[in-house]
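Reader: I have the model open and would like to walk through it with you. Can we start with the domains?

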Amino acid sequence: MRAGFLAGVLLLAGGYTWLAFAELAWLSSAGRLGPAFFPRIIGVALMVLCAWSLGAELAGGARERPSVHWRAAAALALLSGLFVAALEPLGGLLAMAAYLAAALAYFNRRRHWQNALLAVLLPLAIYLLFRVWLGASVPRGPLGF
Amino acid sequence: MTLSKWAAALGLAAAALAAAPASAQPYPSKRLDWTIAFGPGGGNDIMSRTLISILEKYKLYPENIVAENRPGGSGAKGWGYVFAQKGNPYHITSTSGSFITTPLQANTPWQPGSFTPVALLAADDMLLVVNKNSQAKTLQEFIAAAKAKPPSIGGIGAVNIDFIVPKLVSEKAGFTFSYVSFNKQGELITALLSGALDAAMSNPGEVLGLLQSGDMRALAFSGKSTPAALGKVPTFGELGYEIGISLPRGLVLPPDVPKEAQEWWIGTMKKVVATPEWKAYIDKQLLTEHVLYGEEFRAFLQKTQGVFGDILKKSGAIK
Amino acid sequence: MDLFANLLLGFSVAVSPLNLVYLFAGVMIGMVVGIIPGFGPSAALAILLPVTFGMNPASAVIMLAAIYYGSQYGGTITSILLNTPGESSSVASTFDGYPLAQQGRAGPALVMQAVASFVGGTLGVVLITLLAPPFALLARSFGPPEFFLLVVMGLSTLVVMIGGHWRLGLISALIGFALGTVGVDLETGNSRFTFGSAELIGGIDFIPVAIGLFGLGELYYALYSGLHVSGSGGIVQYQKERRFWPTRRDYAESNGALARGSLLGFVVGVLPGAGATVASLMSYSIEKSVSRTPQKFGKGAMAGLVGPESANNAASSGAMVPLLTLGIPGSASTAVLLAAFVLWGLTPGPLLMAQKPEFAWGLIASMYLGNMALLALNIFAIPLFVQMIKLPYRLLAPAVILVCTIGTYSVNGSIVETWLMFGAGLAGFFMKLHGFSPAALVLALVLGPLAEQSLRQSLTISRGSLAIFVDRPVSLAILCLTLALVAAGIWAHLSRRAPPQD
């Protein structure tokens, strides 16, 4: 698991470092530190450290077992991702209600009345707080709310 | 609950969005959607809301006007939204400096010239200021000193008029300088006060108090004429260094709107700029009154962006 | 005697019934705005600005300033209860505040944060009252070289932040530095890692990253470790709950942290560009390094909560010094206040306090009252907030994600930043799971860009010469101070390691 995360960071760091070398200048036109100066140092250091840690991790060979509850965490992560994706197409209010209904149906099972009430009232309260009272921006859907 | 009015306005905006595009009725006969491409409280927002309150007070626009802040991406989001309303004369937006600079820095589908121009109303012009301890009392003395030893001049951002103005002057006068770019006004001003910088470019409104107290001295102003509150500061033009460009505070409609809508807005803006409320806004914000209508405004936008593009490409800021 | 006359004038303005109403409205709005993750004081001030147009400037500034410092009180509440910072300046309060809540000490933690906020805020106002002119001199002697050295001092505290696993901690910090380089390069104007997107021109904002890393990451982690089905199913297991008020030991442990945090916060707050976030992160590191029990930090040390809390409130008071005495904004919120001054027809600058004493001193006097009102409001509201963490996770987790997401979106109306928050949430989960240091990441993200910018500004001014850091008296002083601190740290480290002689 940790090895996988480190490998992911290593990959991103590789992309970052490549861009820093390929697209940006080490020194500015006046001969001072350029836009790539720090990114190249950061990128190389990050890659070295990640590779080192990854090596240590693989050599150690300790395999952790994922927690038995990983499904709950994954479900919440998936639902929150879908929520963000639905914000602009559905509009803030509908997306909130749909997300909350789905999340409560998964986590707060068999309490249908409680869930339905929460899925209507909480989004409405948050919508009123942000949009009406604070006048802040909440994504607006095709129906205008 | 002082915000409830706001909320009502936002509700109306929702209805406006749902409304169908223009038909054969005479212009204007529908609700106007006014995009502010920045958040509340900034210069662009304040100008838009001033204009709307004038339009409402003098009943110049017969229907409702709904203002909506659509901030994001240094204006790219709001202006992109208006750009996408091609041919719809019931959308309008106000411009500011990023209208020129954002398309130079990012891949926006629009350019300043792609919109239907209504009017340039005012310009953000820049003041060259020095610390009170500086040897230079006038621009001529500053330039003479600069030729002997290249000065450091501070400003906000590298892709900004703060860099363009001293660059134009230095090319004409024949000196070089180090441009020191800052993120925020506070850091720039303290850098000048601390004596780290030789000079700085600033909006007059941001340093007026420090000029009055004598902590700073203004050497020259980049606009056509100096705002009264600054006293006897000469313009660069008067001293022989014509600048000719500035950041545009104006109004534009989406591309390809009917000619009559553009004419209607030009006529209306001529009335707006004559109101005492508008004059008060210009005075308070220390803007320069700089009015151009229609195609002249488009030409101004294109010229300004051309100068920006040339200088910034030469300096390597943009590709 | 002048001082008394001024203060008297100030109080005569501040205690007029109408201004008291505005003051209380301000502190209430500030609390609410502070509690909401993402949506911060600068956005609230900007939105309320038009409302103040018809008001008397003194009343208007009393209300707006109350929103500003009130939000510093509110921001910590969710940091402690949910590990979700309400404001960027309350990130440091999550480090020990949340562990305290998990141990069933949410009540004492919230009371202590209110006390710390009050002490920091009030001490800040006292310093403004007595010593605004000398502090204004300090503010105006700060150019890029001084600023760079200050940030380096802040960055040196990364060593403390990195924690047990140095390689993973360093990787975390480097990720923070890397994220900090996204956006338009300040000096050359070149776009770095923006992929042509206009949304990324301005760089990666700290708020969505902090909310994701700490708030969302913690929720995912809590579910992963099965908290939603174990015991009461909430953050606090009921049987662990203890008394509401702080103990005498809590106060004793916090005295030093209160004093250090307030002073540090005020000084950093006075300097334009640094602000409450930097002050609170620096304070946390300092508390950890001076503590006799640094191993307790991150596991519920009261000093680790009290230090940053007093620092961020003192910093918001300190930010009033350059605003009132020089007309210079030190932060996003004070920039909105400055714009408001102009709209009300005032000319901010060194002459403001002399020309409009009732305005400036009315504001200062109102800050004494506002801090008292906030302390009372907090103590009164804390028992209500504590109920929040008794909700079981199966209800709390979906609801918190709802508020965080909408709160993040509302800051700039940006879906890109909302995705960023979500991504940071996933990253935060894995970082917590695998022993990385999210704290080091945010510290690097905040300080990295400041360090790079001020270093390159300094070198541009000096045309490449490093002498600029020793030629200027203030920067030389900071340099000596930093070296002394480092030397003291090494010496302390060595003497601790040395085997006992007798």
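Author: This is a predicted model. Chain A is divided into domain 1, residues 2-60, and domain 2, residues 70-133.

Reader: What separates the centres of domain 1 and domain 2 of chain A?

Author: Taken over C-alpha atoms, the centres of domain 1 of chain A and domain 2 of chain A are separated by 38 Å.

Reader: And the domain assignment of chain B?

Author: Domain 1 of chain B is made of 4-123 + 246-315, and domain 2 of chain B covers 127-230. Their C-alpha centres lie 30 Å apart. The contact takes 15 residues from domain 1 of chain B and 14 residues from domain 2 of chain B.

Reader: Which elements supply at least two residues of the domain 1 side there?

Author: On the side of domain 1 of chain B that touches domain 2 of chain B, H4, E11 and H11 of chain B each supply at least two residues. H11(B) gives the most to that side, with four residues.

Reader: What else does H11 of chain B lie across?

Author: Helix H11 of chain B, residues 294-315, lies across strands E4 (116-124), E10 and E11 of chain B. H11(B) runs at about 60° to E4(B).

Reader: In what order do the six strands of that open sheet come?

Author: The order is E2-E1-E3-E10-E4-E11 in chain B, with mixed pairing. At the edges are strand E2 (65-69) and strand E11 (288-293) of chain B, each of which pairs on one side only. From one strand to the next the twist averages 20°.

Reader: Which helix packs on the sheet and touches E2?

Author: Helix H2 of chain B, residues 43-57, does, and it touches strand E1 (32-36), E2, E3 and E10 of chain B. The direction of H2(B) makes about 175° with that of E2(B).

Reader: In which sense do E3 and E10 of chain B pair?

Author: Strand E3 (residues 91-94) and strand E10 (residues 247-253) of chain B pair in the antiparallel sense, over two bridges. B:Ser94 has B:Leu251 in E10(B) as its bridge partner.

Reader: On to the five-strand sheet. What is the order there?

Author: In chain B, these five strands form an open sheet in the order E7-E6-E8-E5-E9, and the pairing is mixed. The edge strands are E7 and strand E9 (216-221) of chain B, each pairing on one side only. On average, with direction ignored, neighbouring strands of this sheet are turned by 30° against each other.

Reader: E7 of chain B is an edge strand. How many of its residues are buried?

Author: Five of the five residues of strand E7 of chain B, residues 178-182, are buried, so E7(B) is largely enclosed by the rest of the structure. Both faces are covered, with B:Ser178, B:Val180 and B:Phe182 on one side and B:Tyr179 and B:Ser181 on the other.

Reader: How many bridges join E6 to E7?

Author: Five bridges join strand E6 (residues 152-156) of chain B to E7(B), and the two run parallel. B:Ile153 has B:Tyr179 in E7(B) as its bridge partner. From E6(B) the chain crosses through helix H6 (residues 161-173) of chain B to E7(B), a β-α-β crossover that is right-handed. H6(B) lies across E6, E7 and E8 of chain B and runs at about 145° to E6(B).

Reader: What about E6 and E8 of chain B?

Author: Two bridges join E6(B) to strand E8 (residues 199-202) of chain B, and these strands run parallel. B:Gly154 stands opposite B:Ala200 in E8(B).

Reader: Changing topic, how many residues are in contact between chain B and chain C?

Author: 46 residues of chain B are in contact with 51 residues of chain C. The largest share of the chain B side, seven residues, comes from H7(B).

Reader: What do the buried residues of H3(A) pack against?

Author: They pack against helix H4 (92-107) of chain A, together with helix H10 (206-224), helix H18 (393-412) and helix H19 (415-433) of chain C. Among the buried residues of H3(A) are A:Leu76, A:Phe83 and A:Leu87.

Reader: How far apart are the end C-alpha atoms of H3(A)?

Author: They are 29 Å apart, which agrees with the 30 Å that the 21 residues of H3(A) should span at 1.5 Å a residue. H3(A) is followed by A:Gly91, whose phi is positive, near 95°.

Notes: Residues numbered from 1 in each chain as written. Chains lettered and ligands numbered in written order. Predicted model: local features only at pLDDT ≥ 70, side-chain atom pairs only at ≥ 80, totals over all residues. Pairing = 2+ DSSP bridges. Axes fitted to C-alpha atoms, helices over the stretch in contact; angles between N-to-C directions. Contact = placed C-beta atoms within 7 Å. Expected span 1.5 Å × (residues − 1). Buried ≥ 20, exposed ≤ 12 C-beta atoms within 10 Å, placed from the backbone. Right-handed = clockwise from strand over helix to strand, strands pointing away. Domains from an automatic or database assignment.
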